[in-house]
Every structure is written in structure tokens, then in C-alpha cells.
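Could you walk me through this protein in my viewer, one selection at a time? I am new to this and would like to know what to click on and what I will find there.

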Amino acid sequence: MQNTLKCPVALIGFMGVGKSTIGKRLAKELQVDFIDTDMQVEQRVNKTISEIFADSGEDYFRELEHAVIDEIFLDAPRVVAIGGGAYCFEKNRKIIESVATSILLQAAPETIFERLKVDQTRPLLMHENKIAEIRNLLTLREASYQLARYCFRTDDGTAFDELVMKIKQTILGNQ
């Protein structure tokens, strides 16, 4: 097994599955930088995602998100947490799949709900029935998510540190 990362790793999946948490740990373990596309979008316009949605709408947010994805995969190997819906757009998926190892992180709708039920920073979940909206969005995104190269569950009882090691072994053993 190789000891160094040769290409970027793109963590994809629904909001609340653990992309940022696992991504930071994986990047540290691989000794590479960690980037969160949502944070990059926010920094680019000096607004939160909720503010971007409120001020300019989802289409504008998706344009910013695509620009960030187009830029961040030009540099050295790193771990990148991709916004929950970004991989569902073919133009983003083409960039990611052309240069990165895509890893889908999954969790049950009920787990996602529990992780996000008090979170007020998710514009797509600002509905009365959050669990129904989570299920709906997961159904809409499922076909795209299944195109990822590897898949790991974040709600099967495996400790995140152990999961990070499994992901690391998978990536380095298959590059």
C-alpha cells in the first residue's frame, strides 16, 4: 500500500452525514489539506449560505459552488468535502470524477434528522417537516450519489476514527 495520496479525495453525500468531520480527520491522517466547498463559497462572497440563498437564490449559490469546485481540484492532492447537492450536477461530477477519488458518505434519514434537527443554517431544510424533506431530497439525489467510486456508512456504529482508517486504507490501496 502506498503511503502518499496521489490525487484529491472528494467526500460527497447529504448534509449531516459527516463529510466535514470525517474530512478533517482524514486530511490530518493523510497529511494533506482539508477544504470544505461550502466554506469556500461563503468566504468568496463574505456571506453565509443561508444569506446567499435569501439574497440571491439557489441558482446563484450553485454557480458559486461550481466555480469553487472548478478551482480547488486544480491543485495538489487534498481532501475536499463537497456540498450535499453539488455532486448531483453533471458539470461538477465530471470535474470531480476526472481528477479525484469520490467517496460517498451515507446515513439513514433518521440519523441525518437527529444530527440536523436544531441546525438553522441549512436553507434546504427550512420546512416544518424536516424528516420528510430529508427523505425527499435523498430520493432525488440517490441516483447521482450512487455514481461515487466508494461508499461508507457513517451511522453503523463504527467510530469515526476507525472509519477514517478504513477510508484511508481503501484510498491508498486502490490508487
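Predicted model: local features only at pLDDT ≥ 70, side-chain atom pairs only at ≥ 80, totals over all residues.

**Stop 1: the core.** Select Phe 14, Phe 73, Ile 82, Ile 103 and Ile 167. These have the most contacts inside the largest nonpolar core, which has 49 residues. Now colour helix α3, residues 49–72: this helix gives the most to the core, with 8 residues.

**Stop 2: Phe 14.** Which residues does Phe 14 touch, beyond those up to four places away in sequence? Show Lys 19, Gly 84, Leu 105, Ile 112, Ile 134, Leu 137, Leu 138, Arg 141 and Tyr 145 to see them.

**Stop 3: Thr 37.** Move on to helix α2, residues 37–45, where you will find Thr 37. Is Thr 37 buried or exposed? Its relative accessible area is 0%, so Thr 37 counts as buried, the cut-off being under 20%. Leaving aside neighbours within four places in sequence, Thr 37 is in contact with Val 68, Ile 69, Ile 72, Val 80, Ala 81, Ile 82 and Gly 83.

Stop 4: Finally, select Gln 106, Ala 107, Leu 138, Glu 142 and Tyr 145. Of the 15 residues lining the second largest pocket, these are the closest to its centre. The space in this pocket is about 180 Å³. Next, colour β4 (101–106), α5 (109–116) and α6 (130–145), each of which supplies at least two lining residues. The largest share, 5 residues, comes from α6.

Note on methods:
Residues numbered from 1 in each chain as written. Heavy atoms only, no water. Core = buried A, V, L, I, M, F, W, Y, C linked by side-chain atoms within 4.5 Å. Buried < 20%, exposed > 50% of the residue type's maximum accessible area, 1.4 Å probe, protein only. Helix = DSSP H or I, 4+ residues; strand = E, 2+ residues; numbered from the N terminus. Contact = heavy atoms within 4.5 Å. 1 Å grid on protein atoms, 1.4 Å probe; cavity = no way out; pocket = protein on both sides within 12 Å on 5 of 7 lines; lining within 4 Å. Points joined across faces, edges and corners; volume = space filled by probe spheres on them.
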